[in-house]
Amino acid sequence: CNVLYLFFFFKQKTAYEMLRSLVGSEMCIRDRDNSLEVFTQEFQTFLSTIGIQMKYVEVDHCPEAYGVVISNNQWKIVYSGDTRPCQTLINEGMNASLLIHEATLEDALIEQAKEKMHSTFSEAIDVAMQMLSLIHI
């Protein structure tokens with residue numbers, strides 16, 4: 001039933017608005033007229049009425065980059081967005097039912113991953129192990 005409510009809520013919004021509401025400014029999206037910030041507040045209120053909590057977590061990528069933790073009393077889903085392995089995300093995502101973590105580069109390119117503020121495959125797996133959660137890369 002909660003999924004059905006989310007579906008109807010999303011039908012009212014554009015893809016851009018949904019992306020901004022779900023992952024904050026994870027992709028460094030800027031809100032010039034504050035309308036998306038208002039939408040995000042409305043979305044948070046809506047989620048709380050159906051028993052879902054959503055928390056933005058600052059991650060190590062570009063300025064104002066965020067992951068997101070979405071949960072209720074039965075499950076927790078963590079989406080990292082672009083990031084280096086990040087202790088704040090690990091702490092907030094502890095015991096997640098599912099972690100969706102970016103892994104832009106293969107392990108041999110660790111220096112490039114550090115330079116570009118991304119994660120390697122092994123780093124994403126290590127984050128999942130620290131969170132004690134299932135992972136999708």
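A salt bridge is here a side-chain nitrogen of Lys or Arg within 4 Å of a carboxyl oxygen of Asp or Glu. This report applies that rule, among others, to a predicted model, in which local features need pLDDT of at least 70 and side-chain atom pairs count only at pLDDT 80 or more, while totals for chains, interfaces and linings use all residues. Residues are numbered from 1 along each chain as its sequence is written, and side-chain values use heavy atoms, with hydrogens and water left out.

**Confidence**

The pLDDT is the predictor's confidence in each residue, from 0 to 100. Its mean over the chain is 77, and 68% of the residues reach 70 or more. Over residues 1–16 the value is below 50, and in the model this stretch has 20 contacts beyond near neighbours in sequence; a contact means heavy atoms within 4.5 Å. Residues 23–31 also stay under 50, with 28 contacts beyond four places in sequence. Where pLDDT is low, the predicted coordinates should not be read in detail.

**Salt bridges**

The model contains 3 salt bridges by the rule above.

| Lys55 | Glu92 | 3.1 Å |

Helices (H or I, at least four residues) and strands (E, at least two) are DSSP runs, numbered from the N terminus. A residue is called buried under 20% relative accessible area, exposed over 50%, and partly exposed in between (1.4 Å probe, protein chains only).

The side chains of Glu92 and Lys55 form a salt bridge. This pair links distant parts of the chain, for Glu92 belongs to helix 4 (residues 87–92) and Lys55 to strand 1 (residues 53–58), 37 residues apart. Glu92 counts as partly exposed because its relative accessibility is 29%; Lys55, at 42%, is also partly exposed.

Lys114 and Glu111 lie together in helix 5 (residues 110–116), 3 residues apart, or about one turn of the helix. Lys114 has a relative accessible area of 40% and is therefore partly exposed, whereas Glu111 is exposed, at 52%.

**Strands**

A hairpin of 4 residues connects strand 2 to strand 3. Val69 has Val78 of strand 3 as its bridge partner. Strand 3 also pairs with strand 4 (residues 98–100), in the parallel sense and over 3 bridges, and the bridge partner of Ile77 in strand 4 is Leu98.

In a regular strand the side chains alternate between the two faces of the sheet. Strand 3 has Lys76 and Val78 on a covered face, and Ile77 and Tyr79 on an uncovered one.

Not counting residues up to four places away in sequence, Ser71 touches Gly51, Ile52, Gln53 and Lys76. Asn72 lies in the loop between strand 2 and strand 3 and counts as buried because its relative accessibility is 17%. Leaving aside neighbours within four places in sequence, Asn72 is in contact with Gly51, Ile52 and Gln53.

A nonpolar core is a set of buried Ala, Val, Leu, Ile, Met, Phe, Trp, Tyr and Cys residues joined through side-chain atoms within 4.5 Å. The largest has 14 residues, and those with the most contacts inside it are Val59, Val78, Leu89, Leu99, Val127 and Met131. Helix 4 and helix 6 are the elements that give two or more residues to this core, and helix 6 supplies its largest share, 3 residues. Apart from this core lies another, of 7 residues, including Phe46, Ile50, Met54 and Val68.

The buried residues of helix 6 are Glu123, Ala124, Val127, Ala128 and Met131. Seen down the axis of helix 6, they fall within an arc of 145°, so they line one face of the helix; the arc is that of the directions from the helix axis to the C-beta atoms. Just after helix 6, Leu132 adopts a positive phi of about 60°.

Note on methods
Pairing = 2+ DSSP bridges.
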